[in-house]
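Dear colleague,

Please find below the structure that I am handing over to you. Kindly look through it before reading the notes that come after it.

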Amino acid sequence: MSSIKQFQVTFDCAEPERVARFWCEVLGYVVPPPPEGFATWDDYNRSLAPEQRDSWFVCIDPSGVGPRLYFQRVPEGKVVKNRVHLDVRVGTGLVGEERLATLEAECARLIALGAVRVRLLLADEDNESCMVMQDVEGNEFCLD
């Protein structure tokens with residue numbers, strides 16, 4: 001019998017801390033304490049060699065249920081569509097106008113944080129409505 005595995009979701013990005021802090025706000029995640037011996041993440045960052053500074057950042061689910069998110073700096077920019085796509089479940093169990101209102105409200109909140117609205121996909125015979133958006137570096141995600 002196989003066992004359930006814990007996993008981490010890794011994002012390639014240009015500015016790891018900026019993108020991580022955005023996703024903290026989206027998901028209700030938090031930045032963990034800095035490594036032992038450092039009062040702040042800035043103190044830790046200053047202790048690194050210049051080429052290693054700002055090269056990664058993390059955020060975690062404060063309840064310990066969701067996966068850890070790891071953001072790593074990569075030299076290349078986003079060329080086309082991202083290969084990992086998160087669906088942020090804000091309308092679970094809702095249908096019709098109530099679901100649309102919930103999606104729109106969350107969309108407005110995230111736009112204020114730097115997200116971009118791409119398009120609203122309205123419900124059909126198989127799927128409920130969802131909102132396609134982009135994070136602060138242009139990676140697509142959905143409000144579902």
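This is a predicted model: local features need pLDDT of at least 70, side-chain atom pairs count only at pLDDT 80 or more; totals for chains, interfaces and linings use all residues.

Residues are numbered from 1 along each chain as its sequence is written, and side-chain values use heavy atoms, with hydrogens and water left out.

The chain as a whole

The chain has 3 helices and 7 strands; these are DSSP runs numbered from the N terminus, helices being H or I with at least four residues and strands E with at least two. Starting at the N terminus, their order is β-α-α-β-β-β-α-β-β-β. Along the principal axes, the C-alpha atoms fill a box of roughly 55 × 40 × 30 Å. Of the 144 residues, 35% are buried, a word that stands for under 20% relative accessible area with a 1.4 Å probe and protein chains only (exposed is over 50%, partly exposed in between). A contact means heavy atoms within 4.5 Å. Among contacts between residues at least 6 apart in sequence, 57% join residues at least 24 apart.

Helix α1 covers residues 16-27, and its 12 residues should span 16 Å at 1.5 Å a residue, which agrees with end C-alpha atoms 16 Å apart. The expected span is 1.5 Å times one less than the number of residues. Pro-16, Val-19, Ala-20, Phe-22, Trp-23, Cys-24 and Val-26 are the buried residues of α1. They pack against several elements, including β1 (8-13), α3 (96-111) and β7 (140-143). After the helix comes Gly-28, with a positive phi near 75°.

A nonpolar core is a set of buried Ala, Val, Leu, Ile, Met, Phe, Trp, Tyr and Cys residues joined through side-chain atoms within 4.5 Å. The largest one here has 28 residues, and Trp-23, Leu-69, Phe-71, Met-133, Phe-141 and Leu-143 have the most contacts inside it. Helix α1 supplies the largest share of this core, 6 residues. Leaving aside neighbours within four places in sequence, Met-133 is in contact with residues that include Cys-107, Val-118 and Phe-141.

A pocket

Residues lining the second largest pocket include Val-9, Tyr-29, Leu-69 and Arg-89. Strand β4 gives the most to this lining, with 3 residues. On a 1 Å grid over the protein atoms alone, a pocket is an open set of points where a 1.4 Å probe fits, with protein on both sides within 12 Å along at least five of seven lines; lining residues have an atom within 4 Å of a point.

Ser-129

Ser-129 is found in the loop between β5 (116-121) and β6 (130-134). This residue counts as buried because its relative accessibility is 6%. Ser-129 and Arg-99 lie 30 residues apart in sequence and 7.4 Å apart in space, C-alpha to C-alpha. Not counting residues up to four places away in sequence, Ser-129 touches Arg-99, Leu-100, Leu-103, Leu-121, Leu-122, Ala-123 and Asp-144.

The cysteines

How many disulfides does the structure hold? There are 0, a disulfide being a pair of cysteine sulfur atoms within 2.5 Å. For Cys-13, the nearest cysteine sulfur is that of Cys-59, 11 Å away. Cys-13 counts as buried, at 3% relative accessibility. For Cys-59, the nearest cysteine sulfur is that of Cys-24, 3.9 Å away. Cys-59 also counts as buried, at 0% relative accessibility.

With kind regards
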